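Please read the following note alongside the sequence and the model.

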Amino acid sequence: MRIDIITVLLELLQSPFEHSIMKRAQAKGLLEVYTHNLRKWAINKQGQIDDYQFGGGAGMVMMPEPLTNAIEELSSQRKYDEIIFLTPDGETLNQKIANGLSLKENLLLICGHYKGIDQRIREHFVTKEISIGDYVLSGGELAAAVLVDAVGRLLPGVLNDETSALFDSFQDNLLAPPVYTRPADFRGWKVPDVLLSGDPKKVDEWRHEQSLQRTIERRPGLLDD
Ligand code: ADE
């Protein structure tokens with residue numbers, strides 16, 4: 001999978017993909033992430049990419065021209081399956097959306113700043129609008145990083161059997177069960193006996209029960225789906 005990201009803050013998008021699983025996904029050639037500085041398509045030598053909003057009001061709006069030129073140039077090089085704008089008024093990201101996006105070949109992400117981007121870009125180019133939660137970030141970069149991570153780890157071959165995404169929270173609308181490691185007794189706080197029993201069937205049953213219990217307690221709405 002290839003993911004292109006249009007941003008005004010390249011620096012914010014460097015580190016998140018240089019470590020751990022995202023690093024491995026790229027090293028294995030399973031994921032390619034390219035960031036593009038929107039100022040490359042600025043309307044003047046001063047690097048302008050935003051302007052005041054019509055109708056008045058505080059906050060700048062990202063102009064249609066630089067974004068159009070960026071999107072059209074990148075789209076001339078490959079066909080994007082989705083052009084995604086990260087925005088707090090988008091559809092809230094969940095595991096199902098991440099699963100769906102992980103099946104695509106090419107994604108183009110647009111990170112907004114200030115008051116947002118000119119509505120015409122959303123209407124004429126954007127195919128999906130995604131929020132990572134009901135709170136407002138300073139820009140779309142951190143949301144884009146979250147999306148790339150959530151999608152990238154699902155690509156076949158990125159995770160090994162032990163860390164397989166199949167056992168993640170949400171994959172079957174259940175939260176993940178609790179986990180323990182050594183020592184089996186720490187300060188008198190004991191690991192549940194069943195996990196030390198060596199009986200895989202019992203362990204599976206216990207984990208499923210715990211998942212169900214956690215989901216009922218913490219996120220009962222997940223069970224409605
Ligand atoms: N940009 C600003 N806030 C955001 C959010 N919550 N999700 C996605 N993009 C955003």
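Which strands each supply at least two residues of the shell around the ligand?

1. Strands of the shell. The answer is β5 (82–92) and β7 (128–131). Strands are DSSP runs of E with at least two residues, helices are runs of H or I with at least four, and both are numbered from the N terminus. The strand that gives the most to the shell is β5, with three residues.

2. Basis of the note. This is a predicted model, in which local features need pLDDT of at least 70 and side-chain atom pairs count only at pLDDT 80 or more, while totals for chains, interfaces and linings use all residues. Residues are numbered from 1 along each chain as its sequence is written, and side-chain values use heavy atoms, with hydrogens and water left out.

3. Composition of the shell. The ligand is surrounded by Leu86, Thr87, Pro88, Ile130, Ser131, Ile132, Gly133, Tyr135, Val136, Leu137, Gly139 and Ala143; a residue belongs here if one of its heavy atoms lies within 4 Å of the ligand. By class, eight of the shell residues are nonpolar, four are polar and none is charged. Ala, Val, Leu, Ile, Met, Phe, Trp, Tyr, Cys and Pro count as nonpolar, Asp, Glu, Lys and Arg as charged, and the others, Gly among them, as polar.

4. Polar contacts. A polar contact is a pair of N or O atoms within 3.5 Å. A nitrogen atom of the ligand lies 2.8 Å from a polar backbone atom of Tyr135, and for Ile132 the corresponding distance to a ligand nitrogen is 2.9 Å. A backbone N or O atom of Thr87 is 3.2 Å from a nitrogen atom of the ligand. Taken alone, the ligand exposes 260 Å², and the protein buries 96% of that, by the Shrake-Rupley method with a 1.4 Å probe.

5. A pocket is an open set of points, on a 1 Å grid over the protein atoms alone, where a 1.4 Å probe fits, with protein on both sides within 12 Å along at least five of seven lines; its lining residues have an atom within 4 Å of a point. Of its 23 lining residues, Leu86, Thr87, Pro88, Val136 and Leu137 are the closest to its centre. The strand β5 gives the most to the lining, with five residues.

6. The largest pocket. About 390 Å³ of space lies here. Its lining has 13 residues, and those closest to its centre are Phe167, Ala176, Pro177, Arg207 and Ser211.

7. Backbone geometry. Most residues other than glycine have a negative phi, and most peptide bonds are trans. The bond from Arg182 to Pro183, however, is cis, with omega near 5°. Phe170 has a positive phi, near 80°.

How values were computed. Polar contact = N/O pair within 3.5 Å; in protein donor to acceptor, adjacent residues only side chain to side chain. Points joined across faces, edges and corners; volume = space filled by probe spheres on them.
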